[in-house]
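Reader: I have a protein model open and would like to go through it with you. Could you take my questions one by one?

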Amino acid sequence: MSGSPPELPLVVLDALMPTTQRLVANRRGSMVWEVEGDRGRYAVKVGYPIEATADWPAQPWTALAPAREGTVLHRLGFDDFAYGEWDHGTWNFQPWHEGPDLYQLWEPCRNRDSLIEPHTNDALGCVEALAELHAKGWAHGDIQPAHFIIGPERTHLIDLALARGGLVPQGYDFPFRGCLVHYEAPEIARSVLTTGEAEPTQEADVYALGASLLISATGWRAVEYADDAPRPVQREAVANGKRRPVKAPGELGELVDAMLSYSPGDRPTIYEVGKALS
Ligand SMILES: Nc1ncnc2c1ncn2[C@@H]1O[C@H](COP(=O)(O)OP(=O)(O)O)[C@@H](O)[C@H]1O
Ligand SMILES: [Mg+2]
């Protein structure tokens, strides 16, 4: 995978006939392109295995993630997408959603002397997108600000590669090994520390959304640990619930605190969060 410039798999080129294509992201086993063709504009995700480095063990599952996400999209009843296999792993494409993500959208709120408060409506859009998934009986597993795209009509929740809630074919499935630690609920962090794996839940999604709203509105992580702390040390801090004494501004403050409750049972459901905001 190293050396030559990345290319889209042939099957994807055949299906989308790109007139323009742009590599959006290429990191840790996953490439994402924005592709435009006669059929419309699509996000193309291409997975490949990660070889072991000094910091990372080998991660063959990244090759499976796009196909896994494809099967989740299918289960959830989406129609305009496809997925399949290529030489080094799997791929999928799905409609491209235009708009900033939550972190970009709230950038003006994070300036030191900013008097701009985050809009409740932006938060509500994210809540509604997650509520839609929860209503279908699924948990997302990887909630973070970059996964909410705030479009002109609605907010889209992307990256369903780790979602749980229905059958995923064994050949494309892999265990959940946690997500970005900043957004990991204490019970997830503890489970990953002790067993290497965890079970995504709707309660953990609510925690992760609380942490996402907090960091997007204030620039602060919910939990206190050093920027350069090794991952297990970060997870220890999360598992021990070392909450930073920082509050989201305005009416988000109390609500985000509740979403970040240490015990999953103390957190509001996503529907309760929605009610509180509307
Ligand atoms: N459907 C989409 N519409 C718009 N942007 C997307 C879409 N899918 C992915 N992206 C962009 O690509 C980035 C990475 O995609 P993501 O689905 O999170 O894959 P991964 O985390 O595996 O790299 C996103 O943060 C977003 O900027
Ligand atoms: Mg992602």
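Reader: Is Glu34 buried, partly exposed or exposed?
Author: Glu34 counts as buried, because its relative accessibility is 13%. Buried means under 20% relative accessible area, exposed means over 50%, and partly exposed is in between, with a 1.4 Å probe and protein chains only.

Reader: Before we go on, what sort of model is this, and how is it numbered?
Author: This is a predicted model, so local features need pLDDT of at least 70 and side-chain atom pairs count only at pLDDT 80 or more, while totals for chains, interfaces and linings use all residues. Residues are numbered from 1 along each chain as its sequence is written, chains are lettered from A and ligands numbered from 1 in the order in which they are written, and side-chain values use heavy atoms, with hydrogens and water left out.

Reader: Back to Glu34. Which residue does Glu34 form a salt bridge with?
Author: Glu34 pairs with Arg41, and their closest N and O atoms are 2.7 Å apart. A salt bridge here is a side-chain nitrogen of Lys or Arg within 4 Å of a carboxyl oxygen of Asp or Glu. Arg41 counts as partly exposed, at 32% relative accessibility.

Reader: Why would side chains pair like that?
Author: Side chains of opposite charge can pair when their charged atoms come close.

Reader: How many salt bridges does the structure hold?
Author: The structure holds 15 salt bridges. One of them joins the side chains of Asp159 and Lys45, at 3.2 Å from N to O. That pair links distant parts of the chain, 114 residues apart: Asp159 is in the loop between strand E7 (155-157) and helix H5 (186-195), and Lys45 is in strand E3 (residues 40-47). Helices (H or I, at least four residues) and strands (E, at least two) are DSSP runs, numbered from the N terminus.

Reader: Are Asp159 and Lys45 buried or exposed?
Author: Asp159 counts as buried at 18% relative accessibility, and Lys45 counts as buried at 12%.

Reader: What about Asp257, which residue does its side chain meet?
Author: The side chain of Asp257 meets that of Arg243 in a salt bridge, at 2.7 Å from N to O. Asp257 lies in helix H8 (residues 252-259) and Arg243 in the loop between helix H7 (231-239) and H8, so the pair ties together parts that are 14 residues apart in sequence. Asp257 is partly exposed, with a relative accessible area of 25%, and Arg243 counts as partly exposed at 28%.

Reader: New topic. How is the protein divided?
Author: There is a domain 1 (10-95) and a domain 2 (102-277). The bounds come from an automatic or database domain assignment. Taken over C-alpha atoms, the domain centres are 24 Å apart.

Reader: How many residues are in contact between the two domains?
Author: 16 residues of domain 1 are in contact with 18 residues of domain 2; contact means heavy atoms within 4.5 Å. About 1,700 Å² is buried between the domains, and carbon and sulfur atoms give 64% of that area. Buried area is the accessible area (1.4 Å probe) that two parts lose on being put together, summed over both. In domain 1, Trp61, Arg68 and Leu76 lose the most area to domain 2, together 40% of what that side buries.

Reader: How many salt bridges does the rule find across that interface?
Author: The rule finds two salt bridges across the interface of domain 1 and domain 2. The side chains of Arg68 and Asp173 also meet in a salt bridge, at 2.7 Å from N to O.

Reader: Which element gives the most to the side of domain 1 that touches domain 2?
Author: H2 does, with eight residues. Helix H2 (65-75) and strand E4 (82-86) are the elements that give two or more residues to that side.

Reader: Why is H2 called largely enclosed?
Author: Nine of the eleven residues of H2 are buried, so H2 is largely enclosed by the rest of the structure. Among the buried ones are Arg68, Glu69 and Val72. What covers them includes E3, E4 and strand E5 (89-95).

Reader: Last one: where does His147 lie?
Author: His147 lies in the loop between helix H4 (120-135) and strand E6 (148-150). His147 counts as buried, at 7% relative accessibility.
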